[in-house]
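Thank you all for coming; I would like to walk through one chain with you this morning.

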Amino acid sequence: MISVVFSLLVCSRQDLGIQSEIPLEESVEASPYRPVRLELSGTIGSEDEDDYFFAIIRGIEVDAEDNVVVFDGILRNIRVFSPDGELLRSYALPDGEGPGEFQRASTFSLSSNKERVYVYDMINRRITVLDYATFGYLNSFSLSETLHAGIDGGPDNTIYAVYSQLDLGGRPMVHVFTEDGVEVAAFERCHDMFLEHDQQRLQSVYAVTMTQTPSLIFLSFSLPYEIRVYNRRHELQRRFHRTPDFFGGTIQEGEWLFPTGNCSGIVIAGEELVLQMVTDRENDETWMHAFDFSGRHRGVQNLSKGEWGKQVHIDSDALDSKGNIYGIAYEPFPRLIRFKIAPDMLSS
C-alpha cells in the first residue's frame, strides 16, 4: 500500500525560495484517471557493435522528428538514432578547457525548439550551447556557484539549471538562464530535511531532478522522497510524497550509509500521468510508480523480472510524439529501452 500526503504551499518570498505551508489532509485515494502499466516495445544497444555500444548514458532526448538523442558520459559522445534504431550521426565532445571543449560533461538537454543542444561540464563549470544540426559551437557561460547541476530546456529556449543541494548554502536551487547566460529567474530551496539526511551520510540526498509541461514544472527529490509542482511563474502549487514499504530503510556498505530505496528521474507521460522509477536496493528490484498531477495513485509495476533486465531508469524528456517513452537498462548490458503506456486491465 502506498500512502500519499498532500500539502499546498503559497509562495511568499519566491526569490529566496521561502515558502509558507498550508497542510491538507492525508490521502490514500486512487486517481480518477485510469490505472496504467508499461509494455516493452523495443531496444537500441549492443555489446558487440561500437556504434550501438553504450557505457553510461547520462541523458536521452527526442528531437522534432522523433529521433532519439543519447549522451554517453563515459564515451563522451552524443549520438542520434532514428525511431527504428538506426544510427544517423554521432558527435564526439572535444577534450579541453577552451570554448566548445569539455573536461567532464555530466548532463545535457535539447532546447524547446529542438534547434540547440545544451551541455553542462562539471569541471569547467559551464553550460555550452551547440547547434543541433551541426553540433557547431555557439557560446557558453559559467555556473561557478555549483559543481553538480542538472539542466533542462525551458520555454522560449531558456535553460533551467537545478543546483545540487550540497552546494546551495542560502542560494535558490533552480536558476533560469537565457542562451546568452543572462539569469532571468531563481526559485526554491533545498529539502527541509536535507541537513538531517546529509548528517546520516545518506548519499542520494543530493539528487534532485525536474521535468516540465507547457504550464507546470515538477521537481523531484530522491531522498527524502518528495515532488513539488510549480506554475510558470515559479509559484509552488502543491507537494506530495509516497512511502512504499521498502522505501526509507538504510544499508551499511563499508563506511557509507545508503537508503534501501531511491528514485530516478520523472517523466510526464500524458494527461495527468507522471511516471517514476524507484529502485529497492535491499531486494535488488526496480518498480514503476504512476500517479496523476495531484499525486494520486495510477499504478505500480515491478520491472525487475523478465524482458526488462535490471536497473531500469527513465529520462525526463525522452517522450516522442507517438507516446513512446525511452529509458535505460544497465543489465545485462547498457542499452536504450522503449516502452509504451497501456491500460492496466488487471485493476478494477
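This is a predicted model: local features need pLDDT of at least 70, side-chain atom pairs count only at pLDDT 80 or more; totals for chains, interfaces and linings use all residues.

Let me start with a question: does F53 count as buried, partly exposed or exposed, and at what relative accessibility? F53 counts as partly exposed, because its relative accessibility is 33%, where buried means under 20% relative accessible area, exposed over 50%, and partly exposed in between, with a 1.4 Å probe and protein chains only. Residues are numbered from 1 along each chain as its sequence is written, and side-chain values use heavy atoms, with hydrogens and water left out.

F53 lies in the loop that runs between β3 (36-44) and β4 (57-62), strands here being DSSP runs of E with at least two residues, and helices runs of H or I with at least four, numbered from the N terminus.

Turning to the sheet, four strands form an open, antiparallel arrangement in the order β12-β13-β14-β15, where two strands pair if DSSP finds at least two bridges between them. β12 (149-153) and β15 (183-187) stand at the edges with a single partner strand each, so one side of each has no neighbour in the sheet. Within it, β13 (residues 159-163) and β14 (residues 174-177) pair over four bridges, and I159 stands opposite F177 in β14.

Finally, A207 sits in the loop between α1 (194-199) and β16 (208-212), and its C-alpha atom is separated by 9.5 Å from that of A149, 58 residues apart along the chain.
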